[in-house]
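Me: Here is a model I would like to go through, with a few questions on helix packing and aromatic pairs.

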Amino acid sequence: MIVSLVGLPGCGKSSVARLVARHYGWPSEDTDALLERRIGMPIKRFFAESGEAAFRELEAETLATALQAPGPLVLATGGGIVMRSENRERLHRQSLCFYLRSSPEELARRLRNDTQRPLLQGVDALRKLRELAAQRDPHYREVAHYVVEAGRPTVWALVHWICMQLELAGHVAAPPKLAG
């Protein structure tokens with residue numbers, strides 16, 4: 001089983017993926033980290049040197065490879081991965097997808113000191129996040145099996161909600177409780 005997380009930049013996909021994976025003793029991956037290992041440089045630099053189109057092509061290839069994992073996996077995805085229909089189709093068909101939904105206002109507050117996200121550099125971050133939300137929200141909803149309101153809860157609350165959904169729906173068994 002592959003559990004994937006989608007949502008706007010800064011909604012918590014990477015942190016939540018690591019903790020859900022730890023809860024079940026599964027590996028976690030992040031498509032951005034996989035892509036950076038593949039290209040041997042930070043995404044920000046690749047984006048500046050090669051452009052968004054080249055980035056999106058490599059991102060699609062990286063996603064296709066990640067979704068071929070032989071065992072369980074929790075996969076955090078880049079915020080724009082849903083912009084390609086082939087990625088949406090793959091995520092929905094080959095994983096159980098959770099959309100971590102946050103408002104642009106909440107994300108702008110969280111990301112006010114971020115210097116690594118190429119689409120948010122040198123612009124009015126709130127305005128850009130509002131544009132991204134308007135553009136991407138329908139795609140996130142299309143690919144998602146579950147929509148999780150991620151604006152205010154703690155990371156741990158999100159992790160518990162996702163694990164509860166996975167267990168209640170019978171996708172996974174609850175891990176044994178540790179004694180003591």
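The questions and answers below concern this predicted model.

Me: How are α3 and α4 oriented to each other, roughly parallel or roughly antiparallel?
Reply: Helix α3 covers residues 43-66 and helix α4 covers residues 85-94, and their axes lie 10 Å apart at an angle of about 15°. Angles under 35 degrees count as roughly parallel. The two helices α3 and α4 are therefore roughly parallel.

Me: Which residues of α4 make the contact with α3?
Reply: On the α3 side, the contact is made by A60, L63 and A64. The contact residues divide into 4 nonpolar, 1 polar and 2 charged. From α4 come E86, N87, R90 and L91.

Me: What kind of aromatic pair do F47 and F55 form?
Reply: Both F47 and F55 are buried. Their ring centres are 5.4 Å apart and their planes are at 55°. Planes under 30 degrees apart would be stacked and those over 60 edge-to-face, and the F47 and F55 pair is tilted.

Me: What kind of pair do the rings of Y146 and W161 form?
Reply: Y146 lies in strand β5 and W161 in helix α7, so the pair ties together parts that are 15 residues apart in sequence. The ring centres are 6.3 Å apart and the planes are at 80°. Planes over 60 degrees apart count as edge-to-face, so the Y146 and W161 pair is edge-to-face.

Me: Is W161 buried or partly exposed?
Reply: Buried requires under 20% relative accessible area. Y146, at 17%, is buried. W161 has 29% relative accessibility, so W161 counts as partly exposed.

Definitions and conventions: Residues are numbered from 1 along each chain as its sequence is written. This is a predicted model: local features need pLDDT of at least 70, side-chain atom pairs count only at pLDDT 80 or more; totals for chains, interfaces and linings use all residues. Side-chain values use heavy atoms; hydrogens and water are left out. Axes are lines fitted to C-alpha atoms, for helices over the stretch in contact, and angles run from 0 to 180 degrees between N-to-C directions. Helices (H or I, at least four residues) and strands (E, at least two) are DSSP runs, numbered from the N terminus. Angles under 35 degrees count as roughly parallel, over 145 as roughly antiparallel, 65 to 115 as roughly perpendicular and the rest as oblique. Contact means heavy atoms within 4.5 Å. Ala, Val, Leu, Ile, Met, Phe, Trp, Tyr, Cys and Pro count as nonpolar, Asp, Glu, Lys and Arg as charged, and the others, Gly among them, as polar. Rings of Phe, Tyr and Trp (its six-membered ring) pair if their centres lie within 6.5 Å; planes under 30 degrees apart count as stacked, over 60 as edge-to-face and the rest as tilted. Buried means under 20% relative accessible area, exposed over 50%, partly exposed in between (1.4 Å probe, protein chains only).
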